[in-house]
Amino acid sequence: METIFVQIAAYRDPELEATCFDLISKATHRERISIGIVWQGIEPDDDHMIYFEEFLPQITTERHDATTSKGACWARSKAQQLYKGEDYALQIDSHMRFEEGWDETLINMLAECDSDKPLLTTYPPAYKPPMELKKTRLPKMRPKEFSPQGILLLTSDSMPIEEAPDSPIKGTVCGACFIFGRAEYMKEVPYDPNLYFFGEEISLTVRFWTSGWDFYHPNRLVLYHFWDRKGRQTHFSDHKDWRVTDNTSKQRVKYMLGTTKEEVDIQPYGLGTVRSLEDYQKFSGINFKDQTLGEQQ
């Protein structure tokens with residue numbers, strides 16, 4: 001009986017309730033699903049967004065006042081600590097929808113990956129609340145460009161769903177809103193709570209890859225993401241000093257990637273030892289110092 005731990009960092013998100021109900025109701029084996037939520041809210045204004053937890057035994061919630069939140073990566077790190085020994089781990093955002101049987105689909109798809117340490121990850125296609133799912137195209141992630149601060153940003157292309165390949169698509173980068181794999185990935189590459197937001201995904205990418213994990217983008221539709229931020233409060237809007245934390249966070253990422261001489265203590269959240277950063281740059285075509293991208297895969 002293989003179990004799945006679903007970790008969710010939720011910041012004042014009115015979509016969280018529907019996300020959790022959809023997740024559980026569409027699982028083939030809902031009794032094998034456990035959900036760890038790190039809730040960041042304002043009492044009593046946001047209580048109506050989290051009340052449902054008491055009706056769902058699968059959920060464990062850790063509550064924090066949103067005014068004390070240190071950002072997405074801080075919350076994701078805390079969510080990992082709610083893990084209780086399940087076989088698989090799925091990291092998602094708090095605004096997601098699911099296909100029927102998503103749990104079996106992910107486990108079966110992971111087994112199709114040609115790697116001893118595969119991770120399924122992508123930027124999922126969009127949905128519009130309550131349940132308008134965009135099912136026509138299949139996304140595939142790729143590097144986009146370097147920001148003015150030297151942080152690599154990611155994006156995705158897509159193909160018509162009828163052209164989907166027979167097996168998961170080998171990738172070069174990792175998206176934070178959807179990561180699925182054997183739960184060992186959380187122990188080997190624990191979330192860095194000192195990161196803020198920008199730089200999170202390229203940090204995860206190189207840490208996973210140098211630790212021996214390989215990325216695959218799903219060849220079937222499984223999850224959907226609500227990309228519009230207009231209907232909810234964000235950490236950016238509530239915390240006017242977020243840029244200070246963001247700048248410190250970016251320095252951590254640049255130090256790890258060797259693009260700054262300013263020393264930063266990043267342990268135990270540094271690179272892995274299975275493969276080198278140089279190997280990753282050859283594999284991906286990305287040059288972090290020159291801020292160039294090779295041919296898009």
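Tutor: Happy to. The second largest cavity has a lining made of Thr-122, Pro-124, Pro-125, Leu-138, Pro-139, Phe-178, Pro-218, Arg-220, Leu-221, Val-222 and Leu-223. Please keep in mind that this is a predicted model. About 60 Å³ of space lies in this second largest cavity, and the count of cavities of 30 Å³ or more comes to four.

Now turn to the open spaces. The largest pocket holds about 940 Å³ of space. Its lining is made up of 42 residues, and those nearest its centre are Arg-76, Asp-93, Phe-197, Glu-200 and Arg-229. Strand S10 (152-160) is one of the elements that supply at least two residues of this lining, and S10 gives the most, with seven residues. Strand S1, helix H2 (72-80), strand S9 (137-146), helix H5 and helix H6 (235-238) likewise each supply at least two.

Across the whole structure, a search finds 23 aromatic pairs. Why do we call Tyr-185 buried? Its relative accessible area is 1%, and buried means under 20%. Phe-208 is buried as well, with a relative accessible area of 1%.

A second pair also involves helix H5. The ring centres of Trp-209 and Phe-283 are 5.2 Å apart and the planes are at 20°, so this pair is stacked. Because Trp-209 lies in helix H5 and Phe-283 lies in helix H8 (residues 277-284), the pair ties together parts that are 74 residues apart in sequence. Trp-209 counts as buried, at 6% relative accessibility, whereas Phe-283 counts as partly exposed, at 26%.

Phe-146, Trp-209, Tyr-280, Phe-283 and Phe-288 form one aromatic cluster. The ring of Trp-209 also has the charged end of Arg-275 sitting over it, 3.9 Å from the ring centre. Elsewhere, the charged end of Arg-182 sits over the ring of Tyr-88, at 4.5 Å from its centre.

Finally, let us look at helix H1 (residues 16-25). Its buried residues are Leu-16, Thr-19, Cys-20, Asp-22, Leu-23 and Ile-24. An α-helix has 3.6 residues a turn, so residues three or four places apart point the same way. The buried residues of H1 pack against strands S1 (4-11), S2 (33-41), S3 (59-65), S4 (88-92) and S5 (96-98), and against helix H3 (102-111).

Asp-22 lies in helix H1 and is buried, with a relative accessible area of 6%. What does the side chain of Asp-22 make a polar contact with? Its partner is the side chain of Lys-26, at 3.1 Å. If you leave aside neighbours within four places in sequence, Asp-22 is in contact with Arg-97, Phe-98 and Met-131.

Technical notes
Residues numbered from 1 in each chain as written. Predicted model: local features only at pLDDT ≥ 70, side-chain atom pairs only at ≥ 80, totals over all residues. Heavy atoms only, no water. Buried < 20%, exposed > 50% of the residue type's maximum accessible area, 1.4 Å probe, protein only. Helix = DSSP H or I, 4+ residues; strand = E, 2+ residues; numbered from the N terminus. Contact = heavy atoms within 4.5 Å. Phe/Tyr/Trp six-rings, centres within 6.5 Å; stacked < 30°, edge-to-face > 60°. Lys NZ or Arg CZ within 6 Å of the ring centre and 35° of its normal. Polar contact = N/O pair within 3.5 Å; in protein donor to acceptor, adjacent residues only side chain to side chain. 1 Å grid on protein atoms, 1.4 Å probe; cavity = no way out; pocket = protein on both sides within 12 Å on 5 of 7 lines; lining within 4 Å. Points joined across faces, edges and corners; volume = space filled by probe spheres on them.
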